[in-house]
Amino acid sequence: MAAMLISRRIHLVLVVAAVVAIAGAVHAATATATTTHIKVYWHDVVSGASPTVVQVARAATTNSSASFFGAVMVIDDPLTSGPDLKTSSPVGRAQGTYISAGKDKVALLMNMNFVFQSGRYNGSTVAIMGRNEVFAAVREMAVVGGTGVFRWARGYAQARTHTFDMKTGDATVEYNLYINH
């Protein structure tokens, strides 16, 4: 009986120690958190000899749907410092997928990593996921993680269409990232 009581006390002490350690780690992480704002331009190039987005799957009804419901796209889009793809400095790539998930509106499920390939964030990534209602003026998606400088990242991304070419399907979108890390 005494051994069982001692065992329970040891267990309780270990549980309390673990809770204190976790609370300390959470406090340390939030006490030193930095908020970073990054503005980049995302170039979704459908046309030409070297597109940066390709359709990899579709539903039987995708082509007859006004919202392209069911289309699955894979991207490796350039990210630049300015809106002109040819004259702006490259910052990195947006790599991932988007899926046309809205039956009544063009609304995409975005799942992508912003892979920074130059400047102070070179080698770091930010993971973005969320709903993108394409024709809304401003769309907000979650920053759900990151690597390198952005390890443990949380925050949000705001997207605003800069240009959209109805003939080619090419789009340039301004992304403002607000990242806590």
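Modeller: Let us start with a salt bridge, which is defined as a side-chain nitrogen of Lys or Arg within 4 Å of a carboxyl oxygen of Asp or Glu. Here Lys 105 forms a salt bridge with Glu 133, and their closest N and O atoms are 3.4 Å apart. Lys 105 belongs to the loop between E4 and E5 and Glu 133 to strand E6, so the pair ties together parts that are 28 residues apart in sequence. Salt bridges that share partners join Lys 105, Arg 131 and Glu 133 into one network. This is a predicted model, in which local features need pLDDT of at least 70 and side-chain atom pairs count only at pLDDT 80 or more, while totals for chains, interfaces and linings use all residues. Residues are numbered from 1 along each chain as its sequence is written, and side-chain values use heavy atoms, with hydrogens and water left out.

Biologist: How many salt bridges does the structure hold?

Modeller: There are four salt bridges. One of them joins Glu 174 to Lys 39, with 3.8 Å between the closest N and O atoms. This pair links distant parts of the chain, since Glu 174 is in strand E9 and Lys 39 in strand E1, 135 residues apart. Glu 174 counts as buried because its relative accessibility is 15%, whereas Lys 39, at 43%, counts as partly exposed.

Biologist: Which residue forms a salt bridge with Arg 93?

Modeller: The partner of Arg 93 is Asp 76, and the closest N and O atoms are 3.0 Å apart. This pair too links distant parts of the chain: Arg 93 is in strand E4 and Asp 76 in strand E3, 17 residues apart. Arg 93 is partly exposed because its relative accessibility is 23%; Asp 76 is partly exposed with a relative accessible area of 31%.

Biologist: How should I read the strands themselves?

Modeller: Helices (H or I, at least four residues) and strands (E, at least two) are DSSP runs, numbered from the N terminus. The chain has one helix and nine strands, in the order α-β-β-β-β-β-β-β-β-β along the sequence.

Biologist: Which strands pair with E5?

Modeller: Two strands pair if DSSP finds at least two bridges between them. Strand E4 (residues 90-100) pairs with E5 in the antiparallel sense over nine bridges, and a hairpin of six residues joins E4 to E5. E5 is also joined by nine bridges to strand E6 (residues 125-133), and these two run antiparallel. Val 115 in E5 stands opposite Arg 93, and its bridge partner in E6 is Thr 125.

Biologist: Is strand E5 mostly covered or open, and what does E5 give to the core?

Modeller: Strand E5 (residues 107-116) is mostly covered, with seven of its ten residues buried. A nonpolar core is a set of buried Ala, Val, Leu, Ile, Met, Phe, Trp, Tyr and Cys residues joined through side-chain atoms within 4.5 Å. The largest such core has 28 residues, and those that touch the most other members are Trp 42, Met 112, Phe 114, Phe 116, Ile 128, Tyr 175 and Leu 177. E5 supplies the largest share of this core, five residues.

Biologist: What is Tyr 175 in contact with?

Modeller: Contact means heavy atoms within 4.5 Å. Leaving aside neighbours within four places in sequence, the contacts of Tyr 175 include Trp 42, Met 112, Phe 114 and Lys 39.

Biologist: Where does Met 129 lie?

Modeller: Met 129 lies in strand E6 and is partly exposed, because its relative accessible area is 40%.

Technical notes
Buried < 20%, exposed > 50% of the residue type's maximum accessible area, 1.4 Å probe, protein only.
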